Amino acid sequence: MDHLTFESPLGPISLHAHDDHLTGVSIGVAHAHSTPTALLVRAQEQLTEYLEGNRTSFDLPLHLSGTEFQEAIWSALQEIPYGHKESYQALGKKAGRGKAPRAVGGAVGRNPLPIIVPCHRILASDGRITGYSGGNGIPTKKWLLDLEGVTYR
């Protein structure tokens, strides 16, 4: 597995890749890195552009590995455009997984590619931020939502 860590407004961000696919993003965590691959350099460039407000989508080969349920949720997350939000319940419906917001929340929290697979765009049905597993938690999620101009309670 290849790693690259870089500094960002959210603190260190570590990128993980395997077999020419991005497999992980860790916010607020510095990992020892190997010789940067072209993919990791491209991912760093795209994330930096996003964090500077100059990019609204990513064009990277991804590999998400989880349960069938998690992968369905992660796939549905990728369909939420920049500057938009969804509730956990609506996300579950989009993924064809019914109305199980708690289970959806569990899958969202295990997203291995935060920001790129935009789990920060998921809010409670009343617009509240209920948690975030990346970086400093809720302050990191607020920063990302503010960057995109998404309103929340």
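Predicted model: local features only at pLDDT ≥ 70, side-chain atom pairs only at ≥ 80, totals over all residues.
With a relative accessible area of 0%, His120 is buried, and its side chain is joined to that of Tyr50 by a polar contact of 3.4 Å.

When neighbours within four places in sequence are left aside, the residues in contact with His120 are Tyr50, Ile115, Tyr132, Lys141, Leu144, Leu145 and Glu148.

## The buried side of helix H4

Within H4, the buried residues include Val104, Ala107 and Val108. They lie on the same side of H4, because the arc they cover around the axis is only 100 degrees. An α-helix has 3.6 residues a turn, so residues three or four places apart point the same way.

As for what these side chains meet, the buried residues of H4 pack against helix H2 (68-77) and helix H3 (88-94).

## Trp74 in helix H2

Trp74 is located in helix H2, where it is buried, with a relative accessible area of 2%. Not counting residues up to four places away in sequence, Trp74 touches Leu64, Ser65, Gly66, Ala107, Arg110, Asn111, Pro112 and Val117; among them, Ala107 is one of the buried residues of H4.

The C-alpha atom of Trp74 is separated by 14 Å from that of Leu22, a residue that stands 52 residues apart from Trp74 along the chain.

Technical notes: Residues numbered from 1 in each chain as written. Heavy atoms only, no water. Buried < 20%, exposed > 50% of the residue type's maximum accessible area, 1.4 Å probe, protein only. Polar contact = N/O pair within 3.5 Å; in protein donor to acceptor, adjacent residues only side chain to side chain. Contact = heavy atoms within 4.5 Å. Helix = DSSP H or I, 4+ residues; strand = E, 2+ residues; numbered from the N terminus. Arc of directions from axis to C-beta.
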